[in-house]
Amino acid sequence: MLRVAVVGSGPAGVYTAEALLRYGGEVLLDVIDGLPAPFGLVRYGVAPDHPRTQSISATLAAVLQQPSVRFLGNVHIGSDLKLEEMRDHYDAVVVATGAAVDRHLDVPGEDLPGSVSATDLVAWYCGHPDTPPDLFRLDARSVAVVGAGNVAGDVARMLASSPEELRATDVADHVLAAFSASTVEDVHLIARRGPAQAKFTTRELRELGDLAEADVLVDPADLELDDVSRELLTSNAGARRNVDVLRGWAETPPAGRPRRVHLHFFAKPIALTGDGRVEGIQLERTAFGPDGSLKGTGEQRELPVQLVVRAVGYRSLPLPGLPFDAEAGVVPHKDGRVCLDGAPVPGAYVAGWAKRGPTGVIGTNKHDARETVRSLLEDVPSLTPAPQRDPDTILRLLAERGVQVVDWAGWAAVDAAELERGRAQGRPRIKITDRAELLRLSRQ
Ligand code: NAP
């Protein structure tokens with residue numbers, strides 16, 4: 001029987017497991033996650049007001065419930081179990097741990113209180129157990145969200161949503177309370193390049209205009225396109241659609257709603273200012289030079305804001321015992337085979353954002369996982385079989401170390417409790433965020 005461990009139960013890990021189930025021979029897969037709950041970014045990254053995307057968890061759950069798959073939650077690779085030790089129990093290990101930390105702006109003032117990463121804010125409003133409930137108080141009037149990707153769009157939309165809109169989601173009680181008490185009136189989305197270069201997908205961009213209590217404001221001058229942007233629009237239908245949506249907003253006078261989302265293009269943050277905490281963000285106007293590269297024009301202005309959210313991309317963290325390309329922020333690989341100095345490390349594979357960086361949508365991981373699994377299955381004849389063949393040995397080892405493994409039945413108990421709490425308040429689900437409570441419920 002082939003024994004494979006997949007580290008990470010987000011889309012990349014579960015699509016890897018799904019592809020491995022197509023292996024012709026007998027296989028037993030352990031999908032291991034450091035959190036007591038499965039689904040990775042589908043649970044802890046997808047915006048709460050995106051129920052359709054969240055529902056992908058049902059597809060992932062179907063894989064994790066297969067008889068040849070075991071979900072081992074609350075097992076941290078590195079501290080509870082070392083990667084090297086896993087080779088005693090598994091013929092192959094696939095790392096699908098994603099990209100857990102944020103990129104930086106590298107500007108003065110970035111470390112002032114009031115400057116936060118989207119990674120933390122998203123984790124908090126998605127109820128990540130490692131995020132304290134009181135991490136955020138939304139007591140700013142004006143917020144800058146730096147970045148023009150879907151994460152920035154999610155954050156801006158969440159901050160401009162009304163409490164009623166958020167009641168229809170699964171956010172934890174303390175998150176709903178914080179948003180209900182929010183004083184945020186103006187959300188400034190800051191894009192360092194132009195509207196044609198924004199990375200929002202059009203559906204997500206449009207959603208800003210669907211908010212019940214927020215107007216969207218775009219300066220028509222930002223839509224006077226330069227040659228570089230005009231050229232891009234001829235070949236990029238997504239960019240054309242985005243610019244059309246933005247034009248629509250630029251031509252629409254605000255309706256006087258209580259909140260506003262302002263989109264600023266060609267605005268590069270050069271400093272965060274404030275005495276002891278963030279009071280403003282300094283921006284420099286940018287423009288494309290004749291060679292197509294982005295340059296600062298020297299024209300500066302300051303926006304008064306009390307909170308700055310950096311949504312400028314994620315990067316992976318190295319996993320002890322696994323090669324890591326610190327510059328690219330990914331695990332070096334060839335077709336999913338982990339490589340050290342260009343040579344494959346026997347039995348080690350990588351999938352998802354840890355492999356290709358934080359790009360693409362959830363579905364992108366399907367194709368990516370298939371490539372990794374193709375490599376793994378090609379290698380099966382030459383894999384060194386793990387010495388421990390009894391699948392229960394790993395469970396005994398973890399129990400001896402005092403690790404409370406959350407299996408599928410344990411997660412199902414948590415799932416039922418969250419749905420029940422939601423029903424009691426007429427909401428779809430209410431997330432439970434406290435790790436101790438998640439573990440207690442999973443024991444029932
Ligand atoms: P992203 O799409 O790469 O966007 C990052 C943004 O940050 C870009 O606009 C980038 O500008 C900007 N940026 C980078 N460094 C900067 C700097 N120093 N100063 C100012 N701006 C800077 O990344 P993301 O938004 O984190 O999303 C990650 C992936 O998850 C993407 O593939 C995204 O589509 C996906 N995702 C999808 C959804 C959804 O489908 N609803 C939701 C969330 C995330 P430049 O373009 O100029 O570099």
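**View 1. The largest cavity holds about 40 Å³ of space.** This is a predicted model, where local features need pLDDT of at least 70, side-chain atom pairs count only at pLDDT 80 or more, and totals for chains, interfaces and linings use all residues. Residues are numbered from 1 along each chain as its sequence is written, and side-chain values use heavy atoms, with hydrogens and water left out. The structure has one cavity of 30 Å³ or more. A cavity here is a set of points on a 1 Å grid over the protein atoms alone where a 1.4 Å probe fits but cannot get out, and lining residues have an atom within 4 Å of a point. Grid points are joined across faces, edges and corners, and the volume is the space filled by probe spheres set on the points. Lining the largest cavity are Asp102, Ala118, Thr119, Val151, Arg310, Ala311, Val312, Gly313 and Tyr314. That lining splits into five nonpolar, two polar and two charged residues (Ala, Val, Leu, Ile, Met, Phe, Trp, Tyr, Cys and Pro count as nonpolar, Asp, Glu, Lys and Arg as charged, and the others, Gly among them, as polar).

**View 2. Helix α6 (residues 118–125) packs on helix α7 (residues 150–160) at about 55 degrees, with axes 11 Å apart.** Helices are DSSP runs (H or I, at least four residues), numbered from the N terminus; axes are lines fitted to C-alpha atoms over the stretch in contact, and angles run from 0 to 180 degrees between N-to-C directions. The two, α6 and α7, are therefore oblique to each other (angles under 35 degrees count as roughly parallel, over 145 as roughly antiparallel, 65 to 115 as roughly perpendicular and the rest as oblique). On the α6 side, Ala118, Leu121, Val122 and Tyr125 make the contact, meeting Val151, Asp154, Val155 and Met158 of α7 (contact means heavy atoms within 4.5 Å). Seven of these residues are nonpolar, none polar and one charged.

**View 3. Helix α1 (residues 11–20) meets helix α4 (residues 56–64) at about 45 degrees, with axes 9 Å apart.** From α1 come Pro11, Val14, Tyr15, Ala17 and Glu18; from α4, Ile56, Leu60, Val63 and Leu64. This contact has eight nonpolar residues, no polar ones and one charged.

**View 4. Helix α14 (residues 364–379) and α1 cross at roughly 50 degrees, their axes coming within 8 Å.** Contact residues of α1 include Pro11, Tyr15 and Glu18, while those of α14 include Lys366, Arg370 and Leu377. The contact divides into nine nonpolar, two polar and three charged residues.

Technical notes. 1 Å grid on protein atoms, 1.4 Å probe; cavity = no way out; pocket = protein on both sides within 12 Å on 5 of 7 lines; lining within 4 Å.
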